[in-house]
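Biologist: I want to learn to read helix packing and chain contacts in a model. Please take me through it.

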Amino acid sequence: MIWVDTLVQGILLGGLYALFAAGLSLVFGIMRLVNLAHGDLIVLGAYLILVVVSATGMNPIFAAAVAAPVMFAIGWTLQKVVLNRTLGEDILPPLLVTFGLSIVLQNALLEGFSADSQRIGFGALETASVPLGPVTVGVLPLMTFGTAVLTILVLNQIFYRTAIGRAFRATSDDATTASLMGIRPARVFATATGLAMVVVTIAALYLGTRANFDPSIGPARLIYAFEAVIIGGLGSLWGTLAGGIIIGVAQTLGAAINPEWQILAGHLAFLIVLLVRPRGLFPRGKD
Amino acid sequence: MTPYAVSTRTPASSVALTLGIALVVVLYVAPLFASRGLIQDLFFILTMLTLAQFWNLLAGYGGLVSVGQQAFVGIGAYALFGGVILGAMDPVAAILLSGVAALVLAIPTAFFAFRLQGAYFAIGTWVIAEVARLSIAQWKALGGGTGTSLPREAMREMMLTDWIGTVFDVRASAARDILAYWLALTLAVATIAGIYWLLRTKRGLALAAVRDNMEAAKSVGVDASRMKWVVFLTSAFGTGVAGGVIYLQKARISPDAAFSVTDWTAYVIFIVVIGGIGTIEGPILGVLAFFLLQSLLSDYGSWYLMILGLIGIVVMLFAPRGLWGLISDRTGLQLFPIRRRLTGGKIED
């Protein structure tokens with residue numbers, strides 16, 4: 001029974017990691033951009049929601065809705081002004097620029113909000129639980145997982161059913177040919193990063209309500225997110241969800257055996273998958 | 001008619017060589033006149049320079065952008081501590097163990113990481129370093145997650161410290177700093193000389209060819225995957241030895257510090273990029289710029305790091321070839337020339 005419980009908790013945790021990873025997967029899939037500041041951007045989103053909540057006292061979900069357009073604007077501008085200049089064959093420029101950004105963000109948040117850990121209050125929801133077959137699960141983890149599935153569903157609809165989604169796919173496949181067809185890659189990329197930042201805001205909501213956070217926790221979240229994206233395969237959002245679940249289940253199983261093995265087990269699962277499938281489980285196209 | 005000759009030497013490089021040798025001699029005798037603080041600063045500069053040269057060899061010449069070099073610093077440092085604490089070795093002799101341990105870790109790492117390309121390679125190496133950190137934290141004999149110190153007796157009886165203490169008339173702790181400084185200096189000089197030598201050999205030519213265009217290099221018979229192995233293992237060995245020397249001086253270790261991605265990879269990447277990637281001069285200039293920034297701004301705490309991050313972004317966007325790139329573009333100066341030039345000979349009518 002305890003194993004079923006562990007498995008269910010692992011899958012739900014995987015939902016959180018998939019949320020962390022969905023924005024990254026979008027950006028990585030469309031422009032091959034390795035954004036090392038992604039984790040810190042999630043933390044930035046969490047602080048933004050916290051500020052809105054403490055200023056107006058509104059429900060965190062509505063606060064996230066307020067924060068989302070702001071994050072979209074930040075992402076759009078960041079891509080248009082800075083990151084577009086780094087794209088190309090060489091992976092070093094985006095790596096270094098986003099790493100610099102990560103340091104700037106961490107220390108700016110440290111300067112603005114101090115190193116004290118914070119939490120976005122969610123009232124009774126924080127501890128509520130429901131019976132689910134033989135096990136009992138928290139409402140918040142269940143919501144997290146549901147949101148992750150819904151987010152990926154919506155992103156996939158945007159990707160395959162809308163004009164902007166077609167533009168995303170076209171630029172991802174061949175930016176030069178796409179620009180011959182009247183698409184402006186620089187704008188498409190900016191919109192993609194803006195959209196990714198909306199997803200980041202959703203991830204930030206759950207990061208901030210589920211546990212304490214402080215300005216320094218971004219990079220650890222980043223590494224789980226990357227693992228989920230790579231396990232899933234480039235450009236496959238459902239793959240990212242599967243990747244998140246694999247990391248989540250491996251971590252809870254590891255922790256059930258020995259609490260010190262939680263993180264290690266997640267990393268080992270990642271290495272094993274890559275050893276068998278170097279391009280991930282469901283790679284969409286050629287890298 | 002003068003015969004044709006292929007040479008790499010330029011007048012500037014001859015001057016640089018002479019000045020370089022003089023500088024190294026001065027640095028070796030520096031403990032005679034330098035304060036202990038200065039020796040410690042120089043130690044920091046020299047060890048960071050070594051790490052930067054090896055990362056530059058990996059990324060700048062080998063095209064292998066690793067974010068996991070802290071794995072080799074950490075495993076090297078822990079091998080040294082293991083040799084001293086569990087094997088009762090002399091700390092200086094145990095440095096060799098650092099290099100060997102890094103090499104042993106590098107072989108499976110390479111088998112795994114070479115299956116990955118570009119960004120996947122970068123993330124893969126980072127995860128491997130995390131696995132190494134978390135695994136070492138399970139090793140209770142070496143302090144587990146909280147870490148441990150080098151035993152006092154081992155530090156007291158370390159080779160050469162008595163001799164240094166008598167010759168320079170300093171206390172044991174200062175003598176250990178001088179010893180560590182000499183080791184770091186020797187390592188840095190050997191690293192630069194070794195990499196320069198490697199780049200001027202046929203292998204170096206192959207390496208530059210692979211860096212510039214892998215397909216073209218393969219088509220003229222260069223074994224690109226073998227070059228990757230050579231570069232990766234060399235860098236791992238050197239980085240491991242540097243890790244051993246760094247923690248010999250610190251004498252206190254913990255997994256979080258020894259496997260720190262910020263200290264041993266991020267700062268190192270910063271140094272290489274600021275100075276100029278793909279050149280030997282770049283990391284030298286970069287480490288000096290980094291040290292200068294640190295001494296000027298470190299009192300400002302988080303502002304210092306913000307400025308460091310911004311400088312990294314600005315340099316990458318507007319001067320991607322770094323400080324040395326700016327200098328050599330304007331002056332054509334090359335202190336460590338590797339380009340082969342044809343001299344002599346004349347077209348007869």
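Modeller: We go from confidence to helix pairs, then to domains and the chain contact. This is a predicted model, in which local features need pLDDT of at least 70, side-chain atom pairs count only at pLDDT 80 or more, and totals for chains, interfaces and linings use all residues. Residues are numbered from 1 along each chain as its sequence is written, while chains are lettered from A and ligands numbered from 1 in the order in which they are written.

Biologist: What are the ipTM and pTM scores of the model?

Modeller: The ipTM is 0.89 and the pTM is 0.90.

Biologist: Where in chain B is confidence lowest, and where is it highest?

Modeller: Read pLDDT, the predictor's confidence in each residue, from 0 to 100. Chain B has a mean of 90, with 98% of its residues at 70 or more. Elements are DSSP runs, numbered from the N terminus: helices are H or I with at least four residues, strands E with at least two. Strand β4 of chain B (residues 341–343) has the lowest confidence in that chain, at a mean of 74. Helix α3 of chain B (residues 70–85) has the highest, at 96.

Biologist: At what angle do α3(B) and helix α11 of chain B pack?

Modeller: Axes are lines fitted to C-alpha atoms, for helices over the stretch in contact, and angles run from 0 to 180 degrees between N-to-C directions. Helix α11 of chain B spans residues 224–250, and its angle with α3(B) is about 55°. The two axes are 7 Å apart. Now the classes: under 35 degrees is roughly parallel, over 145 roughly antiparallel, 65 to 115 roughly perpendicular, and the rest oblique.

Biologist: Is the crossing of α3(B) and α11(B) left-handed or right-handed?

Modeller: A crossing is left-handed if the near helix is turned anticlockwise from the far one by less than a right angle, and right-handed if clockwise. α3(B) and α11(B) cross in the right-handed sense. Contact means that two residues have C-beta atoms, placed from the backbone, within 7 Å. The α3(B) side includes B:Gly74, B:Ala77 and B:Phe81, and the α11(B) side includes B:Gly240, B:Gly243 and B:Tyr247. For classes, Ala, Val, Leu, Ile, Met, Phe, Trp, Tyr, Cys and Pro count as nonpolar, Asp, Glu, Lys and Arg as charged, and the others, Gly among them, as polar. This contact has 13 nonpolar, 6 polar and no charged residues.

Biologist: How do α1 and α9 of chain A cross?

Modeller: Helix α1 of chain A (residues 2–31) and helix α9 of chain A (residues 218–232) have axes that come within 8 Å and cross at roughly 65°. They are therefore roughly perpendicular to each other. Their crossing is right-handed. Among the contact residues are A:Phe20 and A:Leu24 of α1(A), with A:Tyr224 and A:Ala228 of α9(A). By class, this contact has 11 nonpolar, 2 polar and 1 charged.

Biologist: Which residues of α2(A) meet α8(A)?

Modeller: Helix α2 of chain A covers residues 38–56 and helix α8 of chain A covers 185–210; their axes come within 8 Å and cross at roughly 70°. The α2(A) residues are A:Leu41, A:Ile42, A:Gly45, A:Ala46, A:Ile49 and A:Leu50. Their partners in α8(A) include A:Met197 and A:Gly208.

Biologist: How far apart are the C-alpha centres of the two domains of chain B?

Modeller: Domain bounds come from an automatic or database domain assignment. That assignment gives domain 1 (16–259) and domain 2 (266–334) of chain B. Their C-alpha centres lie 21 Å apart. The contact takes 15 residues from domain 1 and 14 residues from domain 2. On the domain 1 side, α2(B) gives the most, with 11 residues.

Biologist: How many residues does each chain give to the contact of chain B with chain A?

Modeller: Chain B gives 33 residues and chain A gives 33 residues. On the chain B side, α5(B) has the largest share, 12 residues. That side divides into 23 nonpolar, 8 polar and 2 charged.
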